[in-house]
Amino acid sequence: MPLADHLRELRNRLAKGMLAITVVSLVVAFYSQELMNFLMDPVPKCTTGLGESTGGKCAVIAYTDLLSPFTTTVKVCFMAGVILSSPVWLYQLWAFIAPGLHKHERKYTYWFVSGAVPLFLGGAALAYTVLPISMRVLLGITPDGSANILPMDKILDFIVRMILVFGAAFELPLLLVMLNFSGMVTGRRMAGWWRGVVMGVFIFGAVATPTTDPFGMIALAGPIVVLYFIAVGISLLNDKRRRRANPDADLDDDEASDLDLTPEDIGEIETVSASRSLPEQSTTDRVNGYDDVT
């Protein structure tokens, strides 16, 4: 396909994806109040007035300026539209890329997508479950005699970061499995990394989570460590299957396989008849099928 046709197809695919996001966002706008309540549910809300001291027990959700209710609602609806319309725009992206992939590359892509979506949703669900506990821990630091007033846009950013961090972190084991299936790393080598991986995952959990409490770090690092060992087990089974199918599968590209160099008897010499394509080969004096010219 010429370059102009590629660009025209890309434009059409992007237009369809953006149209799907716009339509779904407009539909979600009719349920914006229910969606906002769902996002605010993890926050322990105060039932008393702003003038009373609440300490670290609860918080009051507030909008800091006149346009905040509108801009926050638009942001939430657009974010929900992107998530709910993801099957449409992901299909458009796949339809643009798929013609340039080989058959085995398409197979690996199907496997990756079928595993990536549940893992990301699992991480997002875990983040939403951890959010109330993390917020209570953070609000508990507030000294007595003070009240917590949380801007709605800050709460939204906090929740989105938690969901994205947990969802993306849950993709790490899948990435390791894909590297093993592509032959870039073996299960035995992955198993040898376990000390560094466990330490690195806990450090990542402490740095990546927006909360500063140890509960959020353990809630993120613990499942990832379990998924890592599951990925190691799958990779070891795949290496075992690969060795049964091909004994030389674990050899490097520049490593020679074992050869049997024991000399063997070649048996009785056989006379070979050759076609006389040259004038010099017109003689019938041949020794073991070869003439003097040869």
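A residue counts as buried under 20% relative accessible area, as exposed over 50%, and as partly exposed in between. The exercises below apply this and related criteria to a predicted model.

**Exercise 1.** Classify Phe229 and Tyr228 as buried or partly exposed, and determine what kind of aromatic pair they form.

*Solution.* Begin with Phe229, whose relative accessibility is 40%; this value falls between the two cut-offs, so Phe229 is partly exposed. Tyr228 has a relative accessibility of 2%, which is under 20%, and therefore Tyr228 is buried. Turning to the rings, the centres of Tyr228 and Phe229 lie 5.2 Å apart with 65° between the planes, and since planes over 60 degrees apart count as edge-to-face, the pair is assigned to that class.

**Exercise 2.** State how many aromatic pairs the model contains, and work out how the rings of Phe38 and Tyr128 are arranged.

*Solution.* With ring centres required to lie within 6.5 Å, the count comes to two aromatic pairs. The rings of Phe38 and Tyr128 have centres 4.6 Å apart and planes at 10°, and because an angle under 30 degrees counts as stacked, this pair is stacked. The pair links distant parts of the chain, for Phe38 belongs to helix H2 (residues 32-40) and Tyr128 to helix H5 (residues 103-139), 90 residues apart. Phe38 is partly exposed at 45% relative accessibility, and Tyr128 is likewise partly exposed, with a relative accessible area of 21%.

**Exercise 3.** Describe the surroundings of Asn180, and find which residues its side chain meets through polar atoms.

*Solution.* Asn180 lies in helix H7 (residues 172-181), and its relative accessible area of 0% means that Asn180 is buried. A polar atom of the Asn180 side chain lies 3.0 Å from the backbone oxygen of Val185, while a polar contact of 2.8 Å joins the side chains of Asn180 and Asn238. Beyond four places in sequence, the residues in contact with Asn180 include Thr186, Met190, Ser235 and Arg242.

**Exercise 4.** Identify which element gives the most residues to the lining of the largest pocket.

*Solution.* The largest pocket has a volume of about 1200 Å³ and is lined by 31 residues, with Ile83, Ser86, Trp89, Leu90 and Phe120 nearest its centre. Elements giving two or more residues to this lining are H2, H3, H4, H5 and H6, and H5 gives the most, with eleven residues.

Definitions and conventions
Residues are numbered from 1 along each chain as its sequence is written. This is a predicted model: local features need pLDDT of at least 70, side-chain atom pairs count only at pLDDT 80 or more; totals for chains, interfaces and linings use all residues. Side-chain values use heavy atoms; hydrogens and water are left out. Helices (H or I, at least four residues) and strands (E, at least two) are DSSP runs, numbered from the N terminus. Buried means under 20% relative accessible area, exposed over 50%, partly exposed in between (1.4 Å probe, protein chains only). A polar contact is a pair of N or O atoms within 3.5 Å; within protein, one must be able to donate a hydrogen and the other to accept it, and residues adjacent in sequence count only if both atoms are side-chain atoms. Contact means heavy atoms within 4.5 Å. Rings of Phe, Tyr and Trp (its six-membered ring) pair if their centres lie within 6.5 Å; planes under 30 degrees apart count as stacked, over 60 as edge-to-face and the rest as tilted. On a 1 Å grid over the protein atoms alone, a cavity is a set of points where a 1.4 Å probe fits but cannot get out, and a pocket is an open set with protein on both sides within 12 Å along at least five of seven lines; lining residues have an atom within 4 Å of a point. Grid points are joined across faces, edges and corners, and a volume is the space filled by probe spheres set on the points.
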